[in-house]
Amino acid sequence: MKLVIQGKNIEITDAIRDYVQQKIEKAVSHFQNLTNEVDVHLSVARNPRINPKQTAEVTIYANGTVIRSEESSEDLYASIDLVADKIARQLRKYKEKRHAKHKATVKPAEIIPDDSIVTDLISDRAPELPNEVVRTKYFAMPPMTIEEALEQLQLVDHDFYMFRNAETGEINVIYERNHGGYGVIQPRNGNGSLNGKSHKTEQSSSTVV
């Protein structure tokens, strides 16, 4: 297993490196056959208004699947403990899902019809944008179904997930809705249709729970 440890606003000392290695190796010890690479990102917020300030983020690349967890606290070692426990639970959940798929056919997620085009994605919330780009990520984007993208969303510990739709070949975004369930954002062309289909037909299959 390849373990990469990086830091932001913090020096990765031998003590920190040894502690991370001990905790992460223990967390993934029962999932070595699934794990290809583990990236650990430790950071300390310089802004005194940010609380908690010590963050530990773990990203695991497991046979083409990305599993991610992040925890913060006032103490870096406590954050490492929390994220190690969380990533172990996510790996266990992922392994159980893989095992269940081999035993039975997974039923597709229920589709909620929605004939309207969403024009306001943030509602009455004020957008908060950073003054500058502080981090850039690159990752593979193999084609997947909406159901597979939903599984990935639940593994990466984010409230949205960008993916390439296997049916259309286009980039879609699946996200957690404020009032429960999940939604999918799909591109449309200038005449209001999606992939040459009427919006009503396509949109009815674009929201999953």
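The structure, a predicted model, holds one aromatic pair, a term for rings of Phe, Tyr and Trp (its six-membered ring) whose centres lie within 6.5 Å; planes under 30 degrees apart count as stacked, over 60 as edge-to-face and the rest as tilted. The model is predicted, and local features need pLDDT of at least 70, side-chain atom pairs count only at pLDDT 80 or more, while totals for chains, interfaces and linings use all residues. Residues are numbered from 1 along each chain as its sequence is written, and side-chain values use heavy atoms, with hydrogens and water left out.

**First stop: the aromatic pair**

Select tyrosine 19 and tyrosine 77. Their rings form an edge-to-face pair, 4.8 Å centre to centre, with 80 degrees between the planes. Tyrosine 19 belongs to helix α1 (residues 14-27) and tyrosine 77 to helix α2 (residues 76-103), so that the pair links distant parts of the chain, 58 residues apart. Helices (H or I, at least four residues) and strands (E, at least two) are DSSP runs, numbered from the N terminus. Tyrosine 77 is partly exposed, at a relative accessible area of 31%; buried means under 20% relative accessible area, exposed over 50%, and partly exposed in between (1.4 Å probe, protein chains only).

**Second stop: helix α1**

Which residues of α1 are buried? They are Ile16, Val20, Ile24 and Ala27. Seen down the axis of α1, the buried residues fall within an arc of 50 degrees, so they line one face of the helix; the arc is that of the directions from the helix axis to the C-beta atoms. On the other side of α1, Asp14, Gln22 and Lys26 are exposed.

The structure holds four salt bridges, each a side-chain nitrogen of Lys or Arg within 4 Å of a carboxyl oxygen of Asp or Glu. Select lysine 23 and aspartate 81, whose side chains meet in one of them at 3.6 Å, N to O. Lysine 23 lies in helix α1 and aspartate 81 in helix α2, 58 residues apart. Lysine 23 is partly exposed at 24%, and aspartate 81 is partly exposed at 26%.

Turn next to lysine 86 and glutamate 71, which form a salt bridge of 3.5 Å, N to O. Lysine 86 lies in helix α2 and glutamate 71 in strand β4 (residues 65-73), so the pair ties together parts that are 15 residues apart in sequence. Lysine 86 counts as buried at 19% relative accessibility, whereas glutamate 71 is partly exposed at 21%.

Then select Glu57, Arg68 and Glu70, which are linked in a network of salt bridges. Within it, the side chains of glutamate 70 and arginine 68 meet at 2.3 Å, N to O. Arginine 68 is buried, with a relative accessible area of 6%, while glutamate 70 is partly exposed at 31%.

**Last stop: the sheet**

Finally, display the strands. An open sheet of four strands has the order β1-β2-β3-β4, with mixed pairing; two strands pair if DSSP finds at least two bridges between them. β1 (2-8) and β4 stand at the edges, each with a single partner strand, so one side of each is left without a neighbour in the sheet. Strands β2 (residues 37-44) and β3 (residues 54-62) pair in the antiparallel sense over eight bridges.
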